[in-house]
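We'll go from the whole chain down to a few single residues.

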Amino acid sequence: MERIERLRVFLIESPIAMARLQGVGNVKGTVKRVLVEATSTSGLVGWGEAAPWEVFTGTAEAAFAAIDVYLRPLVTGAPVNRIRALTRAMDKALVGHGEAKLAIETALFDILGKRSGLSVAELLGGRVRDEIPLSFSIADPDFDADFARMQAMVPAGNRIFKVKTGVKPHAEDMAHLEAIRDAFGETVDLRLDYNQALDPFGAIAILRDVDRFRPTFIEQPVPRDCLAAMASFAAALDTPILADESCFDARDLLEIARLGAADAVSVKLMKAGGILKAQALMAVADALHLPGYGGTLWEGGIALAAGTQFIAATPGMSLGCEFYMPHHVLTEDVLLERVPNRNGRVIVPTGPGLGIEVTEQSVRGNARILAEA
Ligand SMILES: [Mg+2]
């Protein structure tokens, strides 16, 4: 039986090209991530990535330790074709640390795909889409810089833009939204994301104001635990409310459904803690007729390849994705070749496994390695 023989873990840091200002926390300078390389007894190599964000899901240092100290003994010697058995064992051995478990699950899927000649999407049931509409986030502290980016991106086929609102004063948000609608009219699919920034007290007046710019959805206007407020906005506005920080897993979604607190959900592999768990979450969303959106934290190419394969094989993920980091934010990435973005869409790779190539050299040459084990 083919088993995992060796596991290597890298804590890396990558510089980013533009500062990102978001309700819940700001990012500038660098982002940290954890990469996992698993090698099977027949010499097949699979890669996975944990990209936590400390204000959202946890820290990269904690993910590194979780993999190196607590999960390594379970993974070493595990059969490569028993992914569910391994994820169950990981859940039993370690609470939380979803990103660490995702990284290992991803590496096993990558190996299983290379072993069978199938893509991860095929292992998940086969693709229902070959391209995924790409959303770019308007989150630069310098709005004019983002506006200039839009002026280049819209003619290149990009249509979806998500404005990070609630960080700057409301009047500034209004001016920016007006500038975008004035310049691009209805050619852009405009979405708003407050990243929990609003106080529930008085929030509805602000949301009614921004609603006049006809956003496709308003994402997470209030803190994650304010489900009653979310429900009141969903009832008061025609514009759909999308839950992000409020919804990590299927259990969260059941509570959101019970209260009517959202009309759509942002699914992130880092929140769900696994590709199979994200599909389980979407099974619940499908039963409720809530569409899914492919959200991100600060993932690099490996994690976004996993997300791309997941969305390709999950019909309910119909609202597109925001997998723009390797092309726009990270100044370097560890993939030999990036997953292509064309005409404002992510093109789903067709090769086996994740459909990407990573080597030890491409990791060492393109990331600052803070620790390895
Ligand atoms: Mg969000």
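What follows is a walk through the fold, starting with the overall picture.

A word on the ground rules: this is a predicted model, where local features need pLDDT of at least 70, side-chain atom pairs count only at pLDDT 80 or more, and totals for chains, interfaces and linings use all residues. Residues are numbered from 1 along each chain as its sequence is written.

Start with the whole chain. Along the principal axes, the C-alpha atoms fill a box of roughly 60 × 45 × 35 Å. Buried residues make up 52% of the 373; buried here takes 20 or more other C-beta atoms within 10 Å of a residue's own, exposed takes 12 or fewer, partly exposed is in between, and C-beta atoms are placed from the backbone. Among contacts in the chain with a separation of 6 or more, 75% join residues 24 or more positions apart (a contact being two C-beta atoms, placed from the backbone, within 7 Å).

Next, the domains. The chain is divided into domain 1 (4–117 + 358–372) and domain 2 (123–347), with bounds that come from an automatic or database domain assignment. Their C-alpha centres lie 24 Å apart, and the contact takes 40 residues from domain 1 and 35 residues from domain 2. Which element gives the most to the side of domain 1 that touches domain 2? That's α3, with 9 residues.

Now find the open sheet of 4 strands, ordered β5-β4-β1-β16 with antiparallel pairing. Two strands count as paired if DSSP finds at least two bridges between them. β5 (45–50) and β16 (368–372) stand at the edges with a single partner strand each, so one side of each is left without a neighbour in the sheet. From one strand to the next, the twist averages 30°. Even so, 5 of the 6 residues of β5 are buried, so β5 is largely enclosed by the rest of the structure.

Let's go through the pairs. β4 and β5 run antiparallel and are joined by 6 bridges, and Val36 has Gly48 in β5 as its bridge partner. The hairpin of these two strands has 4 residues between them, and there Gly43 takes a positive phi near 90°. β1 and β4 are also antiparallel, with 11 bridges; look for Pro15 opposite Thr30 in β4. β1 (residues 4–15) pairs with β16 over 4 bridges, again antiparallel. There, Glu13 stands opposite Arg368, and Phe10 has Glu372 as its bridge partner.

Helix α1 (residues 60–75) lies across β1, β4 (30–40), β5 and β16, running at about 175° to β1. Helix α3 (residues 98–116) lies across β4 and β5, at about 155° to β5. Axes are lines fitted to C-alpha atoms, for helices over the stretch in contact, and angles run from 0 to 180 degrees between N-to-C directions.

What about the nonpolar core? The term covers buried Ala, Val, Leu, Ile, Met, Phe, Trp, Tyr and Cys residues joined through C-beta atoms within 7 Å. The largest one has 117 residues, of which Val34, Val36, Ile67, Met230 and Ala262 touch the most other members. α3 gives the most to this core, with 9 residues, and the core draws at least three residues from each of domain 1 and domain 2. Beyond its neighbours within four places in sequence, Ala262 is in contact with residues including Met230, Ile241, Ser246 and Leu290.

Most residues other than glycine have a negative phi. His97, in the loop between α2 and α3, has a positive phi near 55°. With 23 C-beta neighbours inside 10 Å, His97 counts as buried. Arg214, in the loop between α7 (203–211) and β10 (218–219), has a positive phi of about 55°. Arg214 is partly exposed, with 13 other C-beta atoms within 10 Å.
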